[in-house]
Amino acid sequence: MTPTPASAPALRVNNLTKIYGSRCPDCIENTGPDHGRNVCPACGSVVACANITFEVMPGEILGIVGESGSGKSTIVRCLHFDMEPTMGAAYLRCSGNGSDDANIFQLNSQEMRAVRNQHLGMVYQNPQMGLRLDVTAGGNIAEKLLAAGWRNVGMIRDRGGLLLKRTEIPLERMDEAPRNFSGGMQQRVQIAKALANDPDVLLLDELTTGLDVSVQARILDLIKEIRRSTDAAMILITHDLGVIKLLSERTIVLKDGRIVETGLTDQILEDPQHEYTQLLVNSVL
Amino acid sequence: MHVLGGKKIKGFEDVSFSVKRGEFLAIIGSSGSGKSSLLKCMYRTYLADSGSMLYHGDSGSVIDLTTASDHEILAIRRNEVGYVSQLLQVVPRTIAVDVIAEPLLQRGIGIDDARDAASGYLARLRIPEDLWDAYPSTFSGGERQRVNIARALIRAPRLLLLDEPTSALDPASTAVVVGMLRGVNPGTTMIGIFHDLSVVRELADRVVVMKDNRMAGIGTPEEIL
Ligand SMILES: Nc1ncnc2c1ncn2[C@@H]1O[C@H](COP(=O)(O)OP(=O)(O)OP(=O)(O)O)[C@@H](O)[C@H]1O
Ligand SMILES: Nc1ncnc2c1ncn2[C@@H]1O[C@H](COP(=O)(O)OP(=O)(O)O)[C@@H](O)[C@H]1O
Ligand SMILES: [Mg+2]
Ligand SMILES: [Mg+2]
Ligand SMILES: [Zn+2]
């Protein structure tokens, strides 16, 4: 399959904003990279992200980079309906669920579950959030397949085996609980689970952070393989510029909850426009 | 392709020229004169601060490379415009033949056919056969540079941007690469930075001279050299 982007984005996000706290009318004006803070001095609310607008094409990997606390996880958690955004809209191009033109943040909870189960895959920064560590690896995947409407036990087991094989988890460990697995293996099980429903949009939050380099390399190769073999749009969050250089053709730079720069990854790395991006790039070299 | 009044602080300014379909334009000039910056602006690795660069597609479409959307740039990078960088890029954990085959895989060509085509380039570029399935990270500068060139040529780009593609090559390898560049499809437009003036004489239809971060002249090799 070719990753040549089709004309319609798989996902469009418009002015996504998430504010924690009581909020006042000035929260947004009072925060952001120009102020160097994401906490509103007037009311103490945290503006985790504000006015986030972007789109991702099918087959494309979009990188999101930014320092710790810049709002990266908040964006994907809102998109995965793990939390409710304060403002904003998101549109998914996926067939058959009647929500193509609807702002997915305005669906009812049953529709949201359906969108998540049928069209989204998520790999959490922390495997504890994405997996039930005491349920077997196969059981974790089965859970997602059941949610996506699979009913035949034999088929569920076959699909689980296939996904684990694809993510290089030895089949004989399918019936073992991920609690006993290494960090790298836990991430692989998360990836297998995220792929179970053949998602249109795959959300990947720091999937290699904290893993040793050789384990990281194999997971990154796995993501490359997924890019080649599926048409999923991927959002890849990382604070490692090496990861986006390897995997994503376009990148968004986040600072204090705002997009400060967006562009082709090689341009972001070689000709960064925003002062903060320049700092980020230069601190690597 | 027209480049009009491109400008970049410290990079270069006041550069204007046009290149015809199938023409080979060489860029020469001293180190730091802005040659690579100019080429990178055409590939949009650098953003031009002012001016325009109009790329005329086959279909009669015209795209301003300085203002086109990122997705438009990605589409022409995938299908039409190739770039061979001055600094040798290697794809980690990928053997040489697959580094070269990758652009074909991206277009949906099967792995066996893609590897066959890639091996053909490795052979023509005289890379020893036992290196074909080795990792280019261990290659010499000249070997890597040839892998880079093969990776760009295999796409059969309409426009090929070359930043000192022969700088790390010995005279024999340079001759091979020059031969290959002369042999590419006559519809391919090439813009290349070279230090070796004998290579410029062999390849270029016209030459742009960069000096002190400005364009100092343009003409045929006979007029300029
Ligand atoms: N439940 C919460 N209540 C209040 N503030 C929160 C909450 N969750 C996150 N925040 C704040 O929102 C901001 C963005 O957090 P987020 O988790 O999105 O950061 P991140 O970019 O993913 O960082 P990291 O790289 O450390 O994972 C931070 O300032 C964080 O402290
Ligand atoms: N990314 C960059 N950021 C800042 N300055 C740059 C960058 N790239 C190039 N320059 C500067 O622009 C000038 C032209 O560089 P370059 O185009 O690489 O020259 P050449 O290829 O002619 O040797 C030099 O002064 C160089 O230091
Ligand atoms: Mg996070
Ligand atoms: Mg140069
Ligand atoms: Zn406030």
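## Where chains A and B meet

Across the interface of chain A and chain B, the rule finds four salt bridges (a salt bridge is a side-chain nitrogen of Lys or Arg within 4 Å of a carboxyl oxygen of Asp or Glu). In one salt bridge, the side chains of R93(B) and D221(A) meet at 2.9 Å, N to O.

Before going on, please note that this is a predicted model, in which local features need pLDDT of at least 70 and side-chain atom pairs count only at pLDDT 80 or more, while totals for chains, interfaces and linings use all residues. Residues are numbered from 1 along each chain as its sequence is written, chains are lettered from A and ligands numbered from 1 in the order in which they are written, and side-chain values use heavy atoms, with hydrogens and water left out.

Now to the interface as a whole. Here 22 residues of chain A are in contact with 22 residues of chain B, where contact means heavy atoms within 4.5 Å. The area buried between the two chains is about 1900 Å², and carbon and sulfur atoms give 51% of that area. Buried area is the accessible area (1.4 Å probe) that two parts lose on being put together, summed over both. L264(A), E270(A) and D271(A) supply 26% of the area that chain A buries against chain B, more than any other three residues.

Of the 13 residues around ligand 2, the ones that come nearest are G32(B), K35(B), S36(B), S37(B) and Y46(B); a residue is near a molecule if one of its heavy atoms lies within 4 Å of it.

| Residue | Protein atom | Ligand 2 atom | Distance |
|---|---|---|---|
| E270(A) | polar backbone atom | nitrogen | 2.9 Å |
| K35(B) | backbone N or O | oxygen | 2.8 Å |
| Y46(B) | side-chain N or O | nitrogen | 2.7 Å |

How much of ligand 2 does the protein cover? On its own, ligand 2 has 570 Å² of accessible area, and the protein covers 67% of that. Accessible areas come from the Shrake-Rupley method with a 1.4 Å probe; for residues, only the protein chains shown count as cover.

Definitions and conventions: Polar contact = N/O pair within 3.5 Å; in protein donor to acceptor, adjacent residues only side chain to side chain.
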